[in-house]
Amino acid sequence: MDFTHEKANKSIECSVVSCDHHCATENYCSLDKVRIGTHECNPSMDQCTDCLSFVKK
């Protein structure tokens, strides 16, 4: 049985339940670290940033 997704990393809050790394029991990521990036040349708003660690369930 895989318990990886039950380990909440309290340093990484996340409410994206469609991500495979979302903690199964709380609104946290189960990864030890995440990669954050952007799809803009000069990001000016939070909507311009992306979690590059996202994996669709």
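Student: Where is Ser30 found?
Tutor: Ser30 sits in the loop between β2 and β3. Keep in mind that this is a predicted model.

Student: Is Ser30 buried or exposed?
Tutor: Ser30 counts as buried, because its relative accessibility is 4% and the cut-off for buried is under 20%.

Student: What does the side chain of Ser30 reach?
Tutor: It reaches the backbone oxygen of His21, at 2.7 Å.

Student: And how far is Ser30 from Cys14, C-alpha to C-alpha?
Tutor: The two C-alpha atoms are separated by 9.3 Å, and the residues are 16 apart along the chain.

Student: Let me zoom out. How many helices and strands are there?
Tutor: The protein has zero helices and four strands. Read along the sequence, that gives the pattern β-β-β-β.

Student: What does the C-alpha trace span?
Tutor: Along its principal axes, the trace spans about 45 × 20 × 15 Å.

Student: What share of the residues is buried?
Tutor: Buried residues make up 26% of the 57 residues in the protein. Ser30 is one of the buried ones, at 4% relative accessibility.

Student: And the contacts, how many join residues at least 24 apart?
Tutor: The figure is 21%, taken among contacts between residues at least 6 apart in sequence.

Student: New topic. How many salt bridges does a search of the whole structure find?
Tutor: It finds two. In one of them, Lys7 pairs with Asp32, and the closest N and O atoms are 2.9 Å apart.

Student: Which parts of the chain does that pair link?
Tutor: Distant ones: Lys7 is in the segment before β1 (9-13), and Asp32 is in the loop between β2 (28-29) and β3 (36-38). The two residues are 25 apart.

Student: Are those two buried or exposed?
Tutor: Lys7 counts as partly exposed, at 40% relative accessibility. Asp32 is exposed, because its relative accessible area is 66% and the cut-off for exposed is over 50%.

Student: Which side chains meet in the other salt bridge?
Tutor: Those of Lys10 and Glu26, at 2.6 Å from N to O. This pair also links distant parts of the chain, with Lys10 in strand β1 and Glu26 in the loop between β1 and β2, 16 residues apart.

Student: How exposed is Glu26?
Tutor: Glu26 is partly exposed, with a relative accessible area of 31%.

Student: What else is found in the loop between β1 and β2?
Tutor: Ala24 is found there. It counts as exposed, at 60% relative accessibility. The C-alpha atoms of Ala24 and Ala8 are separated by 8.3 Å, with the residues 16 apart along the chain.

Student: Last topic, pockets. What volume does the largest pocket have?
Tutor: Its volume is about 190 Å³.

Student: Which residues lie nearest the centre of the largest pocket?
Tutor: Cys14, Val16, Cys19, Cys51 and Phe54 do, out of a lining of 14 residues.

Student: How does the lining of the largest pocket divide into nonpolar, polar and charged?
Tutor: Ten of the lining residues are nonpolar, three are polar and one is charged.

Notes:
Residues are numbered from 1 along each chain as its sequence is written. This is a predicted model: local features need pLDDT of at least 70, side-chain atom pairs count only at pLDDT 80 or more; totals for chains, interfaces and linings use all residues. Side-chain values use heavy atoms; hydrogens and water are left out. A salt bridge is a side-chain nitrogen of Lys or Arg within 4 Å of a carboxyl oxygen of Asp or Glu. Buried means under 20% relative accessible area, exposed over 50%, partly exposed in between (1.4 Å probe, protein chains only). On a 1 Å grid over the protein atoms alone, a cavity is a set of points where a 1.4 Å probe fits but cannot get out, and a pocket is an open set with protein on both sides within 12 Å along at least five of seven lines; lining residues have an atom within 4 Å of a point. Grid points are joined across faces, edges and corners, and a volume is the space filled by probe spheres set on the points. Ala, Val, Leu, Ile, Met, Phe, Trp, Tyr, Cys and Pro count as nonpolar, Asp, Glu, Lys and Arg as charged, and the others, Gly among them, as polar. A polar contact is a pair of N or O atoms within 3.5 Å; within protein, one must be able to donate a hydrogen and the other to accept it, and residues adjacent in sequence count only if both atoms are side-chain atoms. Contact means heavy atoms within 4.5 Å.
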